[in-house]
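Here is a short report on one protein model. Please look over the sequence and structure before reading on.

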Amino acid sequence: MGTSAVGLGGRRDRDDDVVADPVDNRGVLHGEAIGQFHQHFGRPGLAAVQAADQVMITNHRPLAANIFLWAAKNLVKMQAYGEAYENAGKSYGIAIDMGLLPVRKESALILADCSEKRGNIVEALKWLRLSMHAADSLDRVSRDHEIRRIEARYNFEKKEKENELLRNKASLQEQKIRN
């Protein structure tokens, strides 16, 4: 049994305190279905879903994208492909808006997997292509970053050599003046 406390609805409860849990055994919170996530992950799962909704309100969208992605990955493991698709779709949408290439790539892969598992091969192919596009963009960004790093190092070393030559030249001139 877990012992961590989770805030819910303005009060704090232990995650193993099922009696005080406002989510009933059908996965309904205040009359709204929240799906299988709570059934399999209990209060921590519910807290994660609520946290994602809360960070969307406070405009911490990159964090929300990662929470939705995390939820989608876990729902795929539970074979809850409909809910996984929904969470991955939210994550993908935020990733597109915010330019989060790694999240975009992973979300598209999950969307492709869910589409395939649900029998929609054409849609799965579309998501797979989008995932490959994001992967290519990530590779390009990584390559560009490495090129800039190497260029900066080259330019630094070049300047160091130029400075050393100038110091040597100045030293030689000083010696000539003394002699």
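## Charges over rings

The charged end of Arg-118 sits over the ring of Tyr-85, 5.0 Å from its centre. A second case involves Lys-126: its charged end sits over the ring of Trp-127, 4.3 Å from the centre. The criterion is NZ of Lys or CZ of Arg within 6 Å of the ring centre and within 35 degrees of the ring normal.

## Basis of the values

The model is predicted, so local features need pLDDT of at least 70 and side-chain atom pairs count only at pLDDT 80 or more, while totals for chains, interfaces and linings use all residues. Numbering starts from 1 along each chain as its sequence is written, and side-chain values use heavy atoms, with hydrogens and water left out.

## The aromatic pair

A search of the whole structure finds one aromatic pair. The ring centres of Tyr-92 and Trp-127 are 5.0 Å apart and the planes meet at 80 degrees, so the pair is edge-to-face. Tyr-92 belongs to helix H3 and Trp-127 to helix H5 (residues 121–178), so the pair links distant parts of the chain, 35 residues apart. Rings of Phe, Tyr and Trp (its six-membered ring) pair if their centres lie within 6.5 Å; planes under 30 degrees apart count as stacked, over 60 as edge-to-face and the rest as tilted.

Both Tyr-92 and Trp-127 are buried. Buried means under 20% relative accessible area, exposed over 50%, and partly exposed in between (1.4 Å probe, protein chains only).

Helices are DSSP runs (H or I, at least four residues), numbered from the N terminus. The expected span is 1.5 Å times one less than the number of residues. The buried residues of H3 are Tyr-81, Ala-84, Asn-87, Ala-88, Ser-91, Tyr-92, Ile-94 and Ala-95. Seen down the axis of H3, they fall within an arc of 165 degrees, so they line one face of the helix. The arc is that of the directions from the helix axis to the C-beta atoms. Gly-99 follows H3, with a positive phi near 70 degrees.

H5 has 58 residues and reaches 85 Å from first C-alpha to last, close to the expected 86 Å. Its buried residues are Ala-124, Trp-127, Ser-131, Ala-134, Ala-135 and Ser-137. What covers them includes H3 and H4.

## Two residues of H4

Ser-115 lies in helix H4 (residues 101–117). Ser-115 is buried, with a relative accessible area of 3%. Leaving aside neighbours within four places in sequence, Ser-115 is in contact (heavy atoms within 4.5 Å) with Tyr-85, Asn-120, Glu-123, Ala-124 and Trp-127.

Glu-106 is also found in H4. Glu-106 is partly exposed, at 30% relative accessible area. Not counting residues up to four places away in sequence, Glu-106 touches Leu-69 and Lys-73. Glu-106 and Leu-69 are 37 residues apart in sequence and 7.7 Å apart in space, C-alpha to C-alpha.

## The nonpolar core

Which members of the largest nonpolar core touch the most other members? Of its 22 residues, they are Val-76, Ile-110, Cys-114 and Trp-127. Helix H2 (61–77), H3 and H4 each supply at least two residues of this core. The largest share, seven residues, comes from H2. A nonpolar core is a set of buried Ala, Val, Leu, Ile, Met, Phe, Trp, Tyr and Cys residues joined through side-chain atoms within 4.5 Å.

Val-76 touches Tyr-81, Ala-84, Ile-110, Asp-113 and Cys-114, not counting residues up to four places away in sequence.
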